[in-house]
Amino acid sequence: MEKFNVLEEISDPGLESLRISSMDHDQSSPTLNSTHSGNSNSFAYCRTNSETTSVFSEQLTDDFTSSSSDRNSPVCWPATGRSPYQPTLSRFGGIRHNHRQDLKPADFELEMMKERFSKLLLGEDMSGSGKGVSTAVTISNAITNLYVSMFGQHLRLEPLYMDKKMMWKREMTCLLSVCDYIVEHIPPMQHLQNGASMEMMFSRLRSDIDINLPALIKLDALLIEILESFQETEFWYDEQGSVSGKSLNGSFRKVPQPHRKEEKWWLPVPCVPSGGLSEVAKKHLRQKRDSANQIHKAAMAINSNILSDMEIPRTYTASLPKSGRASVGDTIYRYMTSTTKFSPDYLLDLLNITSEHEALEIADCVEAAMFIWRQKASLNHPKTSWDVVKEHLEGDKNVVLAEKAHVLLFSLKQRFPELAQTTLDTSKIQYNKDVGQAILESYSRVLEGLAFNIVGWIEDVLFVDKSMRNKEEC
């Protein structure tokens, strides 16, 4: 199967050695460009919003502070509704008090591992009745919730606290260790010393894990390294939004802000000295922004490929309308069928989308129509991949409409980079049974969100610096 490289030339020395390969399925659409334009918004990437845990599990209580310890560290697996320190029933039915506060660090970690292993086996169903979610969804929730616990309150360009960084590495190593046992068997031909040949069965890591997991681990380390590079900076942050006298007069939020929306009031405001940042500081910021942007594109491409490989649940197909026209509506359908030269940008301008909620609704409709047209085109080739079908049936009406819908959906996501996951994507994640795909999807999704946030934070600092210089020139 053809593969492609996601990262190309990258200026950061730590990134130059990284060449990420990924399966090419539905990525025949235009080359993935940067989703960060002049209106980048930090900490607002809905696909991995650090304020939101997985939609398929309860939210964790984040007790982390700047001096958090192992004792008050939140459990990274989905919450059960009871505190780990509350009394529990013993095996004989009596009350057993949990004295984790008195445990040594090694014993405490062992107790934590026991609890997480139990939740994994129970599928987050603490009743033990077997009505829990699948193992794949449990691990996906665990990675999502761990990310929220570690990075949910990290809203600025500064290194992670040491305890959080160590916990992130330790817990991710534990969760990713499952992939070491996901293998595929191959029968290569072996030549014996007597000249005879025979097939011998060997096992190796499954190809998608072998290709993508090392790349994601590398991206993870590079993002942590980017945050570590901001230990001593010329800029600082103001929590309440009132900038000190050494910076802008008044609140930064009263200045026109192409990089931040007014409702993001909880974000700390970056401040710079009255003379602005030095050239060395600005060069460092731009370099790290470009590196994080490349990481974001790489994680996004991996995530898209993994989602395209996931099986489409029957619940989704059963809810679809009978025709693609009924899904997209008459306006979009007439333009897609009547125009010889299809322009997705012109169609999006014609639709005059005013909100991300409206954009998500259109994305759901277009994606559903695309699936319907693909399904109709593949009626005589049910077990053939879509790439083969569209090549074999080139010029077929359903194939043409499906490809136009694919291009339109891609352009819509490019225009709204903060767009949440579509109904199809969330359905795939919710009903996915493949543990390997669940790990790769959730890991790439959280790294994609972290990279997006870092780029937005850097853009905020550069914008404040530019505003300061323009103010002084006036």
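These legends go with close-up views of a predicted model.

Local features are shown at pLDDT of at least 70 and side-chain atom pairs at pLDDT 80 or more, while totals for chains, interfaces and linings use all residues. Residues are numbered from 1 along each chain as its sequence is written, and side-chain values use heavy atoms, leaving out hydrogens and water.

**View 1. The whole chain, for orientation.** The chain holds 15 helices and ten strands; these are DSSP runs numbered from the N terminus (helices are H or I, at least four residues; strands are E, at least two). Of its 474 residues, 48% are buried, meaning under 20% relative accessible area, with exposed meaning over 50% and partly exposed in between (1.4 Å probe, protein chains only). Take the contacts (heavy atoms within 4.5 Å) between residues at least 6 apart in sequence: 74% of them join residues at least 24 apart.

**View 2. Helix 13 and what packs over it.** Helix 13 runs over residues 397-415, and its 19 residues span 27 Å from first C-alpha to last, close to the expected 27 Å (1.5 Å times one less than the number of residues). Its buried residues include V399, L401, L408, L409 and F410, but also N398, K404 and H406. Among the elements covering them are helix 9 (330-338), helix 10 (344-351), helix 11 (356-377) and helix 12 (386-392).

View 3. N352 sits in the loop between helix 10 and helix 11. Its phi is positive, about 55 degrees, although N352 is not a glycine. Most residues other than glycine have a negative phi. N352 is exposed, with a relative accessible area of 54%.

**View 4. A nonpolar patch around M200.** L192, M198, M200 and F202 make a nonpolar surface patch of about 330 Å². M200 belongs to the loop between strand 7 (197-199) and strand 8 (202-205), and is partly exposed at 35% relative accessible area.

View 5. A196 lies between strand 6 (189-191) and strand 7. It touches Q190 and H191, leaving aside residues up to four places away in sequence. A196 is partly exposed, with a relative accessible area of 33%.

Note on methods
Patch = residues over 30% accessible without salt bridge, like charges linked within 9 Å, V, L, I, M, F, W, Y side chains within 5 Å. Areas by Shrake-Rupley, 256 points an atom, 1.4 Å probe, with all protein chains shown as cover. Salt bridge = Lys/Arg side-chain N within 4 Å of Asp/Glu carboxyl O.
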